[in-house]
Amino acid sequence: MAIVTISRQLASLGDEVCALVAQKLNYSFYGKRELEQKIVRLGFPQEKLKKYDEKLPGFFASLSRDRDEYLDYLQTAILELAQSNNCIFIGRGSFIILSELSNHLSFRIVSPRDLRLERLVQQNVELKAAEKQIQFSDKQRLGFHKSFFNYNIEDPSLYHAVLNTGLFNAEQTADLIVNTVNSTISPDSEHVSMRRLEQMLICQRIVNMLVLDYDLNINFMHATASGQKITLHGYADSALTAEQALIIAKAELPDYKVESAISVALEY
């Protein structure tokens with residue numbers, strides 16, 4: 001019926017809440033392990049994941065083509081898994097990737113900093129080490145979303161609800177999410193979302209084909225769909241490359257009107 005995404009702070013009980021929601025709704029759960037496995041099955045090298053997975057890429061990693069490829073594989077993985085519907089994603093920008101779907105509900109789980117420290121200390125982490133863990137985790141997750149999606153993960157307006165586990169325990173927080181899902185999502189919104197998801201996957205797959213299979217030098221490439229029109233976006237190294245992308249896309253998508261909004265830039 002619904003697709004749920006959950007963003008969380010370290011030691012906010014976010015993982016515990018996700019597990020409870022999945023159990024209560026009988027939904028499939030896709031966390032770090034499941035998404036990494038899917039990304040690798042799609043073709044992204046396992047050894048490169050550690051450079052990008054929910055962290056701020058280093059300077060050279062952020063400039064390399066691997067960065068764009070990781071994002072392409074990540075988006076493909078999330079979109080393909082979302083086709084099963086009745087599922088929950090945690091982190092990895094899933095709330096941004098799936099934001100267009102009308103049966104999607106996004107939540108952020110937070111807690112007061114002192115309580116987060118207390119929870120880590122209770123797990124036998126020394127206080128100074130706990131402070132460093134929280135600072136590092138917050139910085140990395142903020143940097144990941146800023147680098148790949150240009151979003152501030154701490155902006156509450158990005159979510160349908162922000163839930164504070166300083167007030168609610170994990171069970172209560174999970175119940176709030178379950179009640180919201182059951183009272184908000186209708187069969188009509190589910191049907192519309194599945195049609196939109198099909199379009200999003202078509203866009204992502206044509207991007208993957210152009211960049212990964214045809215090896216066209218187009219940075220930040222993505223495609224958008226509106227009705228029967230698909231528009232290509234990005235920055236190509238030459239007008240010829242941009243034209244090649246358009247020709248290939250038109251041949252691969254004969255049922256769509258394909259247009260190009262690809263810019264040409266000799267330097268990046």
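First a definition for my own use: I call two strands paired if DSSP finds at least two bridges between them. The strands (E, at least two residues) and helices (H or I, at least four) are DSSP runs, numbered from the N terminus. I am working on a predicted model, where local features need pLDDT of at least 70, side-chain atom pairs count only at pLDDT 80 or more, and totals for chains, interfaces and linings use all residues. Residues are numbered from 1 along each chain as its sequence is written, and side-chain values use heavy atoms, with hydrogens and water left out.

**Entry: the five-stranded sheet**

I looked up Tyr 30 and found Phe 89 of β3 opposite. β2 and β3 (residues 87-90) run parallel and are joined by three bridges. They belong to an open sheet of five strands, in the order β2-β3-β1-β4-β5, with parallel pairing. Which strands stand at the edges? They are β2 (28-30) and β5 (161-164); each has a single partner strand, so one side of each has no neighbour in the sheet. On average, neighbouring strands here are turned by 20 degrees against each other, direction ignored. For such angles, axes are lines fitted to C-alpha atoms (for helices over the stretch in contact), and angles run from 0 to 180 degrees between N-to-C directions.

**Entry: the three-stranded sheet**

I then went to an open sheet of three strands, ordered β6-β7-β8, and noted that its pairing is mixed. β6 and β8 (257-264) are its edge strands, each pairing on one side only. β7 (residues 229-236) pairs with β8 in the parallel sense, over eight bridges. I picked out His 233, whose bridge partner in β8 is Ala 261. Helix α10 (residues 239-252) packs on this sheet and touches β6, β7 and β8; its direction makes about 165 degrees with that of β8. Touching, or contact, means heavy atoms within 4.5 Å.

**Entry: α4 against α7**

At what angle do the axes of α4 and α7 cross? I read roughly 95 degrees, with the axes of α4 (residues 65-82) and α7 (residues 127-149) coming within 11 Å. That makes the two helices roughly perpendicular (65 to 115 degrees; under 35 is roughly parallel, over 145 roughly antiparallel, the rest oblique). On the α4 side the contact is made by Arg 67, Tyr 70, Leu 71, Leu 74 and Gln 75, and on the α7 side by Phe 144, Ser 147, Phe 148 and Phe 149. I sorted these residues into six nonpolar, two polar and one charged. The classes are Ala, Val, Leu, Ile, Met, Phe, Trp, Tyr, Cys and Pro as nonpolar, Asp, Glu, Lys and Arg as charged, and the others, Gly among them, as polar.

The buried residues of α7 include Ala 130, Ile 134, Arg 141 and Phe 144. Buried means under 20% relative accessible area, exposed over 50%, and partly exposed in between (1.4 Å probe, protein chains only). Among what covers them are β1, α4, α5 (94-97) and α6 (113-122). I also checked the length of α7: its 23 residues should span 33 Å at 1.5 Å a residue, and the end C-alpha atoms are 33 Å apart, which agrees. The expected span is 1.5 Å times one less than the number of residues.

Are Asp 72 and Thr 76 buried or exposed? Asp 72 is buried at 5% relative accessible area, and Thr 76 is buried at 4%. Leaving out residues up to four places away in sequence, Asp 72 touches Gln 204, Val 207, Asn 208, Val 211 and Met 221. With its neighbours within four places set aside, Thr 76 is in contact with Leu 42, Leu 201, Gln 204 and Asn 208.

**Entry: positive phi**

Most residues other than glycine have a negative phi. I therefore noted Ala 11, a non-glycine with a positive phi of about 65 degrees, which is buried at 16% relative accessibility. Ala 11 is found in the loop between β1 (3-8) and α1 (14-25). Phe 220 in β6 (residues 218-226) has a positive phi near 55 degrees and is partly exposed at 45%. Asn 150, following α7, has a positive phi near 60 degrees.
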